[in-house]
Amino acid sequence: MHLVEIEGLVKRFGDIVAVDEASITIEPGEAFALLGPNGAGKTTMIRILVTLLPPTSGIVRVAGLDVTRYPDRVRRMLGYVPQTLSADPALTGYENLLIVSKLLRMPRNERELVIAEVLRLVDLEDAADRLVRTYSGGMVRRLEVAQAILHRPLLLVLDEPTVGLDPTARRSVWEALFALRRRDGTTLLFTTHYMEEAESYADRVAIMNRGRVVACGTPAELERAVPGATTLDDVFTALTGDVLESGGSFSDTRRLRRRLQRFN
Ligand SMILES: Nc1ncnc2c1ncn2[C@@H]1O[C@H](COP(=O)(O)OP(=O)(O)O)[C@@H](O)[C@H]1O
Ligand SMILES: [Mg+2]
């Protein structure tokens, strides 16, 4: 069974079609990257998946459960690190995790052990008792990952987890995510603007443009399918850039887009 099934998903905000007949599937254990320019519909699709936003139409299932019919059960299966920061800067890292563990109604006698384990996993043991406002960007993001995985979700969804971080901090976030995958085999769905992150860390990627999924496959499949492309960056530009800017004619572009749809 697919872990995530999104089929013909549509989301309208008034006249704006934020997600337009999008379909993707994600397999258990995969790292899956959702790529696309600003406004492509990535965050909207993610917020529907994590039950924060109702779809206009279409089907979204996690482990076979429809997200609109079984939101509580779906929420227990997933962790979510939103695009906007979610840790409280006026508390310590430990205190932030303690609050989440209480919200999860984790038994008192389990809390300390579970919190200690995730702090070790995201490499924040030494900083646990410092106020989050003194943390670097990478440390804050790792704390937010820790908050999102306290209940050991099957699926961790991260919206731009590394945006605005320097390369060292970005690597530290990825190290935490890979430590998590080694421990639990957690499936990852993430968005990023850094193509090299998708290239290095994603098993498969979907590229969105104007609400549509315009390509889906492994980075290597997509690179082979786009003439002249040697990197995912080339694929991204060919599919989301302006037709004239990318130098191709309209019919070239249309042919290319048809070919890429086949991987969906
Ligand atoms: N709550 C909302 N109300 C109205 N329009 C929205 C809302 N959320 C997103 N949009 C619009 O939907 C489109 C997709 O946005 P979003 O999903 O945030 O894209 P991305 O995450 O790929 O940058 C954009 O045109 C955005 O302005
Ligand atoms: Mg977004």
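Ligand 1 is surrounded by Phe-13, Ala-18, Pro-37, Asn-38, Gly-39, Ala-40, Gly-41, Lys-42, Thr-43 and Thr-44, where a residue is near a molecule if one of its heavy atoms lies within 4 Å of it. The model is predicted: local features need pLDDT of at least 70, side-chain atom pairs count only at pLDDT 80 or more, and totals for chains, interfaces and linings use all residues. Residues are numbered from 1 along each chain as its sequence is written, chains are lettered from A and ligands numbered from 1 in the order in which they are written, and side-chain values use heavy atoms, with hydrogens and water left out.

**The annotated domain**

- An unreviewed UniProt entry annotates residues 4-235 as "domain: ABC transporter"; such positions are given in the numbering used here, feature names are shortened, and annotations may be inferred rather than shown by experiment.
- Over residues 4-235 the chain is 38% helix and 26% strand, where helices (H or I, at least four residues) and strands (E, at least two) are DSSP runs numbered from the N terminus.
- The end C-alpha atoms of this range are 24 Å apart.

- The shell around ligand 1 contains four nonpolar, five polar and one charged residue; Ala, Val, Leu, Ile, Met, Phe, Trp, Tyr, Cys and Pro count as nonpolar, Asp, Glu, Lys and Arg as charged, and the others, Gly among them, as polar.
- Helix 1 (residues 42-49) gives the most to this shell, with three residues.
- A polar side-chain atom of Thr-44 lies 2.6 Å from an oxygen atom of ligand 1, and an N or O atom in the side chain of Thr-43 is 2.8 Å from an oxygen atom of ligand 1.
- A polar backbone atom of Ala-40 is 3.2 Å from an oxygen atom of ligand 1.
- Taken alone, ligand 1 exposes 560 Å², and the protein buries 61% of that; accessible areas come from the Shrake-Rupley method with a 1.4 Å probe, and for residues only the protein chains shown count as cover.

**The magnesium ion**

- The magnesium ion (ligand 2) is coordinated by Thr-43 (OG1) and Gln-83 (OE1), at 2.0 to 2.5 Å; donors are N, O and S atoms within 2.8 Å of the metal (3.2 Å for Na, K and Ca), and water is not among the atoms, so sites may look incomplete.
- Thr-43 lies in helix 1 and Gln-83 in the loop between strand 6 (78-81) and helix 3 (93-103), so the pair ties together parts that are 40 residues apart in sequence.
- Thr-43 is partly exposed at 25% relative accessibility, as is Gln-83 at 35%; buried means under 20% relative accessible area, exposed over 50%, and partly exposed in between (1.4 Å probe, protein chains only).

**Helix 1**

- Helix 1 is mostly covered, with six of its eight residues buried.
- These buried residues are Lys-42, Thr-44, Met-45, Ile-46, Ile-48 and Leu-49.
- Thr-51, which follows helix 1, has a positive phi, near 70 degrees.

**Glu-30 and its contacts**

- Glu-30 lies in the loop between strand 2 (16-26) and strand 3 (31-35) and counts as buried at 10% relative accessibility.
- The side chain of Glu-30 makes a polar contact with the side chain of Arg-204 (2.6 Å); a polar contact is a pair of N or O atoms within 3.5 Å, and within protein one must be able to donate a hydrogen and the other to accept it, while residues adjacent in sequence count only if both atoms are side-chain atoms.
- A polar atom of the Glu-30 side chain also lies 2.9 Å from the backbone nitrogen of Glu-27.

**His-193**

- His-193 is placed in the loop between strand 8 (187-191) and helix 7 (195-201) and is partly exposed, with a relative accessible area of 35%.
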